[in-house]
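Here is a short tour to read with the model open on your screen.

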Amino acid sequence: MNLIKCLKSFTTVLAISIIGLSACKKDGNPNKLPNADNREFADRINNGVIKVLAIGNSFSENALESNFYDLAKASGKKVIVGNLFIAGASLDLHKKNALGQLYAYEYRKIDETGTKKTYKPFSIDVALLDEPWDYISFQQASPESGLLPTVQAALPDLYNYVKSKSKNPGAKYVYHSTWAYAPVTTNTGFANYNNNQLTMYNAIVNVAQNVNTISPIDMIVPTGTAIQNARTSQLGESFTVADGYHLNTLGKYVAACTWYEKIFGVSVVGNTYTGGLSDFEVKVAQNAAHFAVLKPFEITSMSSFEADPVQLTKPVLIDFGNATPSPSWNQMSGFTVGSRINLKDSLNAFVGISITVIERFNNINTNGATNTTTPMNMPSNVSARNFFGNAAGVFGGLTTPQGVFELRGLLPSLTYNFSFFGSRDATDNRETKYTVAGMNQGSGTLNPSSNSTAIATINNIRPTADGKLTITVTAGPNNVSANKWFYINAAKITSN
């Protein structure tokens, strides 16, 4: 079907300019138009299919191209999702592309069967003709997402243009309020917010609160608040990939849950589609979205959301001294009092156990063995780094007689087994003693000096009635180093 025949089937044919027709003919794109058939259009008007179009960038990709269709399907709802995609696109760029009728986009479309196809190059005009969209969303590029003047400058013209071209006179117009960056982000736009996450979040909220004074927006989707809610849970900063601003699998699920609840007006909590996430991750994600819809302009604390303790079917592996993730390993990077992480097993499932530093170590050392042969099967970056302390003398202005961790969330009905590894490039005896204590206690020692093979094991330790154990690391009786150096590089926990 060529474009002229296609367009004659629409009552809005006069809205297409001569420029748009010429461009469409030139690049051959009209033959790829996915829904240009008048019979399809007539069939879809009242058949219960909700059609959502985002004029966006990678943040709309994160929010709508994963999980949203499946969440809807799980509750018996039908959707079609379109995303007009340009990486990093701002409202100003969308405005220029709209007014210039430019074929500048990838048009990613998920049809009502869940099939996703990409069409390019594409224009805003032709995408608006493709479906009688029920919801059409706008969003600002993330570096400018909290800069109100940038939205004021571009949104009105873009909104008016899109509204004039929409084939659905009853379409609702959405503003997608996106998320603040993680503190570790590599995005230079973070400087717009003094490299502070809460400053960025509050600025994004300010835009969302004022956007209706700029254009008659019908709906705010508060994805940024949902992500910020989730960050207050045990999951912490677990929602972005390494760049600190694009969402990972878990973050995309939170975003899609927010869209689902806002579009359909029903709670997402209890939706059976999990996206392959753990029960705890789903619980946090769905509730974070739900709370955001209820209170879109403020953070709802989720600190009370904790994973239920479980019997360990897979080992829990802890890496001390690394911030960079290693597959299967929990990264414990904080060595001072109060540093805390929530633990996952080697299959990346939360187990309801947390570990907190209650007596600090001196610092982090990076001179452990990189090639090891132990039952713990450590990658080199795990075995090479450690928390260290000095039970005698002063180093860095400190004496640290012992480093102590507290484990919480253990099952009092079980006993737990521990393996510890310590290593430091050295020649003197720096024997380190590891003690695990609960209802009973046990100890083990090893000499970390140039160690690549030895581990200390402690078995059958029962937690206290409230599910706690302490792990104490200090110098062993045979330690002859002047500062009584001691080390912990890695630990492994299993249950009986």
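Strand 10 and strand 11 build a hairpin with five residues between them, and Asn348 in the turn has a positive phi of about 75 degrees. This is a predicted model, where local features need pLDDT of at least 70, side-chain atom pairs count only at pLDDT 80 or more, and totals for chains, interfaces and linings use all residues. Residues are numbered from 1 along each chain as its sequence is written, and side-chain values use heavy atoms, with hydrogens and water left out.

The two strands (DSSP runs of E, at least two residues) pair in the antiparallel sense over four bridges; pairing requires at least two DSSP bridges. Arg340 has Thr356 in strand 11 as its bridge partner. Four of the five residues in strand 10 are buried (under 20% relative accessible area, 1.4 Å probe, protein chains only).

Next, the helices (DSSP runs of H or I, at least four residues). The axes of helix 11 and helix 12, lines fitted to C-alpha atoms over the stretch in contact, come within 8 Å and cross at roughly 40 degrees.

| Element | Residues |
|---|---|
| Strand 11 | 350-359 |
| Helix 11 | 249-264 |
| Helix 12 | 279-294 |

Finally, Asn57 sits in the loop between strand 1 and helix 4. Asn57 counts as buried because its relative accessibility is 2%. Its side chain makes a polar contact with the side chain of Gln139 at 2.5 Å (N or O atoms within 3.5 Å, one able to donate a hydrogen and the other to accept it; residues adjacent in sequence count only if both atoms are side-chain atoms).

Technical notes. Buried < 20%, exposed > 50% of the residue type's maximum accessible area, 1.4 Å probe, protein only. Axes fitted to C-alpha atoms, helices over the stretch in contact; angles between N-to-C directions.
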